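Have the viewer open as you read.

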Amino acid sequence: MDNRDLLNEFEKELIKKGISRRDALKLMGLGAASTAMLNPIETKASEAKASDVKAKIVIVGGGLAGISTAARLINSLSNPDVTVIEPSDVSVSYQPGNTFIGAGVYEKKDVMYELKDFFPQGAKLIKDKAAEFDPDNNSLTISSGEKISYDYLVIAAGLTLDFGKIKGLEELGDTYTMDERSKIKELFDGTGVSTVYNTDAAVYTWKNMQATIEEAKKGKKLNAIFSHPDTAIKCGGAPKKMMYLMDARLNEAGKDVRANVDMTFYPNSTKLFSVKEYADAIKKQYEARDMKWKFAHNLKAVDIKNKVATFEHYWDEKGEYDADLGEYDLVRKTKMVDVDYDFLHVAPPMKAPDEIGNSPVGSGKGWVPVNKETLQHVKYDNIFSLGDIAAIPLGKTGGSVRKQYKVAVDNIISAMEGKPLTAKYDGYTVCPIITGIGTVMLAEFDWSMKPTPSFPLDPTQERYIWWLLKAYILKPMTQYGMLSGRV
């Protein structure tokens, strides 16, 4: 099925709901991208220019946020001077597809693409890594030792997977790419330990899931557990998605097979989702599927040999009475809990790369501090940050970046022109929660922490139409729309 067939199928589903494709694409911001999706060879960015101001703009990071920002700057400036610093110019991955790899819906090749095929014409690429920052002198130093000056700096370097915080997985350390594939194979291949936060590891996740299903077919009683850490993470719904998908795969093998696997979600949080309406919907779905959860558990260690996961469980107890406040103090209590597993999906702690998070442009707490609406650095007026690395309450999803990069570009240009920063990021976040093979609940919300659906449909309902969007349309929309700076 090609892109045109997919859009036609999407249109049919929308018509069933009384919504035309034109209105749907407009609501989703796909109008400008639909032509590119239907004709993916046409990747040239829009020629429209908005400003004649001139400045040297350096972007740290060549992922979705960085390239989309670079492309939109190129599109919006008559005399653009845009440089992207990114260590890899070869294969990169469409990260939202990793959940599908982990459940056997996609293969690795389905999410890989070449950065050079989407790098904006007119921008410069420095294939290196930003190592030191000197914001007081408007410069940074790359790994080679070369100093790069700038008028404006955009930090869009993504985050790192901090496996080093989990005893037993320290060999993976503080990393994002996990280039040492031998370590990935050693720790994930056939061990039952899995994660979809890396593309190669996602391949082993599917292999481990299949092995678990085969054992369940033999009548063995098994335990599958899914963690969520005590840090902010990209795609916070991924652990739940993998739980839903494993449930679906087990049911495909037979109701008796599914009955042999106990499935439990162990989040550090005390909620199933940050937005009540979606949390309530997930609770009902979990109960209907016999999927369990245990709140306030943070994964601390993994004994791969003996297949035991150790969590730190916390709770509050009543302490001494405070006469001034007229209430009792709450005392935090903790204990370590060992859980046997046959399949373990790990959502690791995450943070900004240390060379950024602990630098003068970082917060010292792992992220780049910015105004959550303007995306301007809280200390340096000529620095902006967006995407996973930015210290804002919401926004570590590709759908959030789709809103953020336009705000960042508009405000950078306003700053270049000496005008007030009027563009505001409203906190929009979208999390397509995969609830089964063929169903998705499209969770959209903003700073209000209330559902903000783009369509006049109940956003708490699982739908096939959102499966089509997630599985087939969002990837080309991202590649041919966002990476060209048009969507």
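## Ground rules

This is a predicted model, so to speak of local features takes pLDDT of at least 70 and side-chain atom pairs count only at pLDDT 80 or more, while totals for chains, interfaces and linings use all residues. Residues are numbered from 1 along each chain as its sequence is written, and side-chain values use heavy atoms, with hydrogens and water left out.

## Helix 7 against helix 8

Two packed helices are described by the angle between their axes and the distance between the axes. Helix 7 (residues 199–217) and helix 8 (residues 238–253) pack at about 40°, axes 10 Å apart. That makes helix 7 oblique to helix 8. Axes here are lines fitted to C-alpha atoms, for helices over the stretch in contact, with angles from 0 to 180 degrees between N-to-C directions. Under 35 degrees counts as roughly parallel, over 145 as roughly antiparallel, 65 to 115 as roughly perpendicular, and the rest as oblique. Helices are DSSP runs (H or I, at least four residues), as are strands (E, at least two), numbered from the N terminus.

On helix 7, the contact (heavy atoms within 4.5 Å) includes Trp 206 and Met 209, and on helix 8 it includes Met 242 and Leu 250. By class it divides into 7 nonpolar, 2 polar and 2 charged residues. Nonpolar covers Ala, Val, Leu, Ile, Met, Phe, Trp, Tyr, Cys and Pro; charged covers Asp, Glu, Lys and Arg; the others, Gly among them, are polar.

## Helix 12 against helix 13

Helix 12 (residues 398–416) and helix 13 (residues 464–482) pack at about 20°, with axes 12 Å apart. They are therefore roughly parallel to each other, and their crossing is left-handed. Gly 398, Val 401, Arg 402 and Tyr 405 of helix 12 meet Met 477, Gly 481 and Met 482 of helix 13.

Of its 31 lining residues, the closest to its centre are His 228, Ile 233, Gly 236, Ser 274 and Leu 394. On a 1 Å grid over the protein atoms alone, a pocket is an open set with protein on both sides within 12 Å along at least five of seven lines; a cavity is where a 1.4 Å probe fits but cannot get out; lining residues have an atom within 4 Å of a point. Grid points are joined across faces, edges and corners, and volume is the space filled by probe spheres set on them.

There is 1 cavity of 30 Å³ or more. The largest cavity has about 50 Å³ of space, and its lining has 6 nonpolar, 1 polar and 3 charged residues.

Definitions and conventions. A crossing is left-handed if the near helix is turned anticlockwise from the far one by less than a right angle, and right-handed if clockwise.
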